[in-house]
Amino acid sequence: MVVAVGVGTACSSSTPSSSGSGASAPAPSPVAEADKQWTMQNKNQSATRYSSVNEINAENVKSLKVAWTFSTGVLRGHEGEPLVVGSTMYVHTPFPNIVYALDLSKEGAPIKWKYQPRQDPSVIPIACCDTVNRGVAYADGKIFLNQLDTNTVALDAETGKELWKVKQGDHKNGQTITSAPMVIKDKVISGISGGEFGVRGFVTANDVNTGKQVWRMYSTGPEAEVGFPGSVETWEGDEWRRGGGTTWGWYSYDPELNLFYYGTGNPGSWNPDQRPGDNKFSMTIFARNPDTGKAAWAYQKTPHDRWDYDGINENVLVDLNMNGQTRKTLVNFDRNGFSYVLDRTNGELLLAQPFVHVNWATGVDMKTGRPIEVPEKQTSATKNTRDICPSAMGGKNQQPVSYSPRTGYFYVPSNNLCMDYEGVQVKYQAGQPYVGAIVVSKPGPGGNRGEFLAWDPVAGKKVWGIKEELSAWGGALSTGGDVVFYGTMEGWLKAVNARTGDLLWKFKTPSGIIGNPMTYVGPDGKQYVAVLSGVGGWSGIGVAAEMGLEDPTAGLGAIGAFKDLASFSNQGGVLTVFSLP
Amino acid sequence: MTHRDALRVVVALSLLCASTGFAQTKPASPKPGSSQPGGGGGQFRVCADPENMPHSNQKLEGFENKIADVIAKEFAASTRYTWWGQRRGFIRNTMNATLEEGRCDVVIGVPEGYDLVTPTKPYYRSTYVFVYPRDKGPQVKSLDDPVLKKVKIGVHLLGDDYTNPPPVHELSKRGVVGNLVGFSTFYSAENPPSSIIDAVASGKVDLAIVWGPAAGYFVKQQRVPLVMIPVPSGKGDLPFEFGIAMGVKPGNQELKARLEKVIETRHAAITKILNDYNVPLVEGKAGSKR
């Protein structure tokens, strides 16, 4: 089992213990030169979030200390991770989407340059729902940034000078961008957010040197606009025009197959009763050719979504031994609670297993790829549906998993949340009363709201789990030292043994962590681990409005599940960097 | 819902608001708590949508702007606005925002019983209406009219979680789905709030089903004479009539009482404003239907 692609090629020589036994670590793998840097979100094109760097290991991680810290100057949800290219670290912030270049070759990592975009302030009240940003991309001496107001910007990585800027959408129509761009060959690939506003999702490729749009493909609509047939006939009338299927998650790429992979979000804003059909290609994993934008295949995880199982979670590309055969696979932990293993060459479903408590479906039909739904858990705007698991916040949200080729395990920050979905009630928006579904999220079985899992993708089974009081809402990082790092909403950065899940070390950062830990080797030759903390601004509201919700029943109903968050942490925006003394 | 995005974590948008100076006036505002909204010579702090005619806009042309002035006058205060799109996050980012700069005390129009705020008693009552050309329109008077399956019906899409205006919701129950034409409430230069009424006038749709206050103002502006016919609720349907109240921060009973007093004493002035804006008013006991 090897990491299929990406810069961590040196690790392909390692022998993973896919049986995953015991606490005794095998000999260290050689450290890949490329792993001394962290040049893209999720570490490599396969999105494994694994680095072979191994100075910090399960034995010595207990001595980990803060090396330095950096305030981003912004107090909202900090998702994503900084990049390290050469001796420079690039740190991004939520809106207003500042980018800092920090000089790691100097003591205290002073600021080399700072880029602060000017964005139309009307983006704030109009595109009100989410001001997070999941990070920048680097390629070819340039830093690429997606701004909330849908501008994609290229900066000179050395000076921070703006090289080009292209607007991808109109925030006044509810379009925003929160996802990180990904560079594939000579193109910058960007998604779009705004699914709750009926935005029709698309993916755009722009030329890295000029910003010129090369192609744009939609999630819904005619074949010419989707790059794949079969969408229009799964909608009533022209509802595909408001079809949703936004593209705000992470992207991965297999250079050998020349395909990139991403997921699309929930279907458009009509209630499920009013959009009969499968609503393709919402809730879908797409495999597209980056040169043409055309799709090689598309697999819809949740046809005709009734739960907001917004299917944008990352697709990790690894080669797994399935039934005695090495397959080029794609592994996805979906919001709907199922973990999928697909053949990434053709989209064939190889395995689908629930990784959290799931009761809306009993399984996935391996022939059709469709979930086997439980009729009593099908929501409708005309009835109340109780105790659906997982909740709309998902068995896992956007926080990305990690895969260690040394253990063969996936490390999965998961939610243990269920929901009540009540039928009709009248709300008020844009000056007029309307019908709204009410969702109330609540802790799932056991009462803990999250669990950090080690998952065997071949067996489709949990290996171990660490129960978390709150959801595990930060990403995971695994390393050649057999240490796995993850952050919690209370603000703890934790290091656990990759094989056993034993807690080895923890540190309370200034704010809740919803970002992703990363690691690199500094110019001084030492290994560092860095994470952004900053959970967002609930303070003063008195309830956990950090979910972006103002009452326990609004939208996702997150408040019902996280009333006590304010007692654990406070808002912030700090990068904390750790090393051995 | 998508919310989407995930953690829609977010929220401290209010901070942003403060740092970009989005609030129309920089305060000098009284400290929260000590603030006497409407107190003699003070500020009457209103949370409003910057671009949602005929309700409100930043040029103060909406009927809610005019009503706010009536109240402010009674309070011997000046009106100060905090602008925010009236959609997800509106209350959170205005009335419930943590920073003083982002705060305001009153939303001029919320439906009675709206539980994100403490509503006053309703000060007017309106209804969803059918809008079609007076002369050659389809003469629809009920959601059960079979012609509704054949004609093009313009409806508003309220961009939130699985949402529809109540009559549109009830249309789906009657199997009327495919012939609906959606109009976004996300305003922009290409999509002004009048677009749904413009579409009726131009024949792009045969009729529209629109919330009365959002229809009346634009109906009046059309050259083609249009009629507004209240949409009656059938048995088992949701209500289509709603009482509209003012909203204050949850628990602010004192301000609620003061507003209710003005609603009573200035009832005639408020009703005149609503009539000027061609808001279809319906009789009905406040709070009788919800």
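**Figure 1. Helices H2(B) and H8(B) are roughly antiparallel to each other.** This is a predicted model. Two packed helices are described by the angle between their axes and the distance between the axes. Helix H2 of chain B covers residues 63-74, and helix H8 of chain B covers residues 267-276. Their axes come within 10 Å. They cross at roughly 165°. Angles over 145 degrees count as roughly antiparallel, and H2(B) and H8(B) therefore fall in that class. H2(B) passes H8(B) in a right-handed crossing.

**Figure 2. Residues from both helices make the contact between H2(B) and H8(B).** H2(B) supplies B:Phe63, B:Lys66, B:Ile67 and B:Val70. From H8(B) come B:Ile270, B:Ile273 and B:Leu274. Sorted by class, six residues of this contact are nonpolar and one is charged. No polar residue takes part.

**Figure 3. Five strands of chain A form an open sheet with mixed pairing.** Strands of a sheet pair through backbone hydrogen bonds, either parallel or antiparallel. Read across this sheet, the order is S1-S32-S33-S34-S35. Strand S1 (50-51) and strand S35 (503-508) of chain A stand at the edges. Each has a single partner strand, so one side of each is left without a neighbour in the sheet.

**Figure 4. Strands S33 and S34 of chain A run antiparallel.** Strand S33 spans residues 483-487 of chain A, and strand S34 spans residues 492-497. Five bridges join the two. Look for A:Phe485: its bridge partner in S34(A) is A:Ala495.

**Figure 5. Four strands of chain A make an open sheet with antiparallel pairing.** The strand order is S7-S8-S9-S10. Strand S7 (137-139) and strand S10 (162-167) of chain A are the edge strands. Each of them pairs on one side only. Neighbouring strands of this sheet are turned by 20° against each other on average, direction ignored.

**Figure 6. Strands S7 and S8 of chain A pair in the antiparallel sense.** Strand S8 of chain A holds residues 142-146. Three bridges link S7(A) to S8(A). Find A:Tyr138, then look across to S8(A): A:Ile143 stands opposite.

**Figure 7. Chain A has three helices and 38 strands.** The chain contains 581 residues, and 70% of them count as buried. Now take the contacts in chain A between residues at least 6 apart in sequence. Of these, 60% join residues at least 24 apart.

Definitions and conventions: Residues numbered from 1 in each chain as written. Chains lettered and ligands numbered in written order. Predicted model: local features only at pLDDT ≥ 70, side-chain atom pairs only at ≥ 80, totals over all residues. Heavy atoms only, no water. Axes fitted to C-alpha atoms, helices over the stretch in contact; angles between N-to-C directions. Parallel < 35°, antiparallel > 145°, perpendicular 65-115°, else oblique. Left-handed = near helix turned anticlockwise from the far one by under 90°. Contact = heavy atoms within 4.5 Å. Nonpolar A, V, L, I, M, F, W, Y, C, P; charged D, E, K, R; others polar. Pairing = 2+ DSSP bridges. Buried < 20%, exposed > 50% of the residue type's maximum accessible area, 1.4 Å probe, protein only.
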